[in-house]
Amino acid sequence: MGDYHQSLAFIHKALASAILSWSGSRQMWRNYDTTARVFTLMNFYAAAADYAKEALEMALANKDPSLTYVSYVHLGVVYGKLQNYGEAIKYAQIGFEIAQSLPSDSAGLDKMAYSSLQLGHLYKEAEDFNTAITYYDNAIRLNNELKSEADLYEAHKGKSICYIGLKSDALAEAEIETTLNLFQQNRSKIEEESNRNSFSDDQQNIYDVAVDFEYSRMNNPQKALEYSETNRARSLLDLTGGNAQLVQRNNRPDLLLQFDSKPLNLAQIQERLPAEAQILEYAALSDKLLMWVITRTNFSVAQQNISFDELSEKVLRFLTLFSRPVDDSREEMLRAATELYTILISPVEGMLDSKKLICIIPDKVLNYLPFVALASPNTGRYLVSDYLTVLNPSSNIFLVCTDAALRKEAEKTERTLTVGNPHFDADQFPLPELPSSAKEAEVVAACYASALPLVGQQARESSIKSEMEKSSIIHLASHYIVDERSPMLSKLILAKEPTKPSDKDAFDGVLQAYESYSLNLRRARLVVLSACQTGIEKYYKGEGMIGMSRAFIAAGVPLIVASLWAIDSDSSTELMINFHRYRTRGRLSTVEALRRAQLDMANGSAPRYQHPYY
């Protein structure tokens with residue numbers, strides 16, 4: 001399921017146990033063979049080859065053909081990754097012939113199916129597509145007989161890529177459809193959200209292949225978009241459609257998904273799209289960038305010829321310049337901002353209506369990008385100066401959020417909770433205090449008729465959770481600590497409780513991301529996460545960004561204000577106060593209020609705060 005680090009952690013335990021107590025040569029063969037497979041998937045081919053050779057030696061010493069066949073096949077796979085296809089096919093062929101010599105019961109057929117599948121992959125990588133298809137067909141026939149759906153998916157996936165290589169478009173289109181149906185069948189059987197995300201991340205390339213094929217070969221940009229949407233933020237869509245059960249797996253929180261969503265097609269998206277909104281959706285493919293513009297009545301597509309590697313390099317260079325408060329690189333910043341504007345906005349600018357909200361759906365590395373800071377090569381103005389924008393992980397999620405916003409707009413009095421500068425446990429969290437965030441919480445609360453500011457010692461988890469469930473506006477200004485391994489454990493730091501909790505997990509002075517999923521936020525229409533890196537933590541291909549903001553979307557909050565990088569507390573206080581003042585006293589929409597506050601800072605009298613970082 002693509003969680004290779006977790007796999008290696010279990011393998012490490014197995015090898016450590018073997019040092020203490022010898023588990024036998026068969027088990028040690030299994031340990032080494034599995035390690036070789038994981039290192040292969042992680043692209044550590046030299047290490048994989050060492051383990052695969054050791055596994056083969058053990059298999060030959062055991063004189064067990066059921067071990068020997070797979071060792072030869074896996075050694076062939078590693079040589080294939082090293083692009084030594086002669087050696088790769090030689091070893092895999094030896095494994096295939098050993099499998100053929102075994103009894104033709106279900107175990108023997110399984111071995112023939114597996115070795116056929118791997119030979120198909122090797123011939124495909126060597127671009128001998130016809131021979132690859134022969135082996136894939138053999139694998140498909142045997143796996144149908146064995147009812148083995150995982151390998152059946154892999155065989156159809158390989159076969160579809162071969163037909164694309166042979167330019168057999170009709171056969172390729174049918175194979176792609178079969179492959180994607182099998183993908184979704186396999187995905188729906190995975191209950192844990194983290195594993196669904198890993199599986200989609202690991203297999204996103206087949207959706208990129210399908211999108212490119214429909215757009216480039218079949219001249220069908222509509223179907224290309226629908227393929228793109230099918231696997232985009234799909235787990236989040238599952239979460240918004242049904243109840244998820246919070247569980248502990250491997251000492252980490254996870255969600256068991258009890259709903260398999262059905263993404264909308266283009267016609268359904270257009271039918272539900274508000275008249276005052278338009279969607280700009282991207283697909284970053286290996287050799288091109290696709291851009292779709294969707295309104296209620298129109299659908300357009302544009303292409304930018306740029307490789308994914310080159311696009312990634314330009315985005316990362318842009319982020320290096322913009323996500324830190326350095327003022328001595330203004331000219332370089334402007335060049336980077338105009339360059340990305342030319343790539344990402346100029347091709348579709350004639351399709352966009354400046355009077356309508358633009359919902360931007362980024363893809364892959366573009367998720368890290370603050371689109372509002374792109375600059376027009378014609379005027380030098382930031383995108384935020386001319387367009388009203390929001391970001392969303394998919395068109396389907398945008399419509400879910402829109403529907404949620406409409407359901408909640410009937411409530412005219414906005415009960416507001418603001419939190420600032422919690423008095424946290426300094427021994428547990430050696431972080432500086434945030435005095436400006438205390439001011440932020442108090443001044444923002446004063447903008448609303450019904451508001452409760454919780455500051456300092458009052459900003460306790462017990463009080464905050466209780467008030468969050470009663471509030472329609474929630475503003476949280478605190479430290480945020482990202483957990484790189486498990487975003488569900490990332491946390492907002494809150495004040496210590498006055499008494500030690502009896503339960504180790506109850507009111508522990510932090511609000512962890514996973515806890516947000518279990519809150520009843522039926523009244524909340526806006527959550528502001530005024531802390532570092534709350535919108536972006538871990539990225540999964542297909543699923544998109546996993547951060548604190550995602551937890552609130554899943555809990556039914558339609559609009560989140562979050563950050564892309566480590567923020568400056570003083571400037572954020574100024575930005576947030578102006579944002580809420582525009583929203584209340586100016587009676588502007590949330591998006592327009594944030595835009596005005598950003599422009600005030602960019603065009604303000606304080607030169608330091610004119611830097612986009614602030």
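Start by selecting α10 (193-217) and α11 (221-230): each supplies at least two residues of the lining of the largest cavity. Helices here are DSSP runs of H or I with at least four residues, strands are E runs of at least two, and both are numbered from the N terminus. This is a predicted model, in which local features need pLDDT of at least 70 and side-chain atom pairs count only at pLDDT 80 or more, while totals for chains, interfaces and linings use all residues. Residues are numbered from 1 along each chain as its sequence is written, and side-chain values use heavy atoms, with hydrogens and water left out.

Of the two helices, colour α10 first, as α10 gives the most to that lining, with four residues. A cavity is a set of points on a 1 Å grid over the protein atoms alone where a 1.4 Å probe fits but cannot get out, and lining residues have an atom within 4 Å of a point. The largest cavity holds about 150 Å³ of space, the volume being what probe spheres set on the points fill, with points joined across faces, edges and corners. The lining splits into nine nonpolar, six polar and five charged residues.

Next, the open sheet. Its five strands run in the order β5-β4-β3-β6-β7, with mixed pairing; strands pair if DSSP finds at least two bridges between them. β5 (299-304) and β7 (389-391) are the edges, each with a single partner strand, so one side of each has no neighbour in the sheet. Now pick β3 (277-284) and β6 (357-361), which are parallel and share five bridges; A277 is the bridge partner of L357 in β6.

Move on to β8 (415-420) and β9 (450-455), a parallel pair joined by six bridges. R415 has S450 as its bridge partner in β9. Follow the chain from β8 through α18 (435-446) to β9: this β-α-β crossover is right-handed, meaning clockwise from the first strand over the helix to the second, with the strands pointing away from the viewer.

Last stop: β14 (526-530). Which way do its side chains go? L526, V528 and S530 point one way and V527 and L529 the other. Five of the five residues are buried (under 20% relative accessible area, 1.4 Å probe, protein chains only), so β14 is largely enclosed by the rest of the structure. Five bridges join β14 to β10 (473-477) in parallel.

Terms used
Buried means under 20% relative accessible area, exposed over 50%, partly exposed in between (1.4 Å probe, protein chains only). On a 1 Å grid over the protein atoms alone, a cavity is a set of points where a 1.4 Å probe fits but cannot get out, and a pocket is an open set with protein on both sides within 12 Å along at least five of seven lines; lining residues have an atom within 4 Å of a point. Ala, Val, Leu, Ile, Met, Phe, Trp, Tyr, Cys and Pro count as nonpolar, Asp, Glu, Lys and Arg as charged, and the others, Gly among them, as polar.
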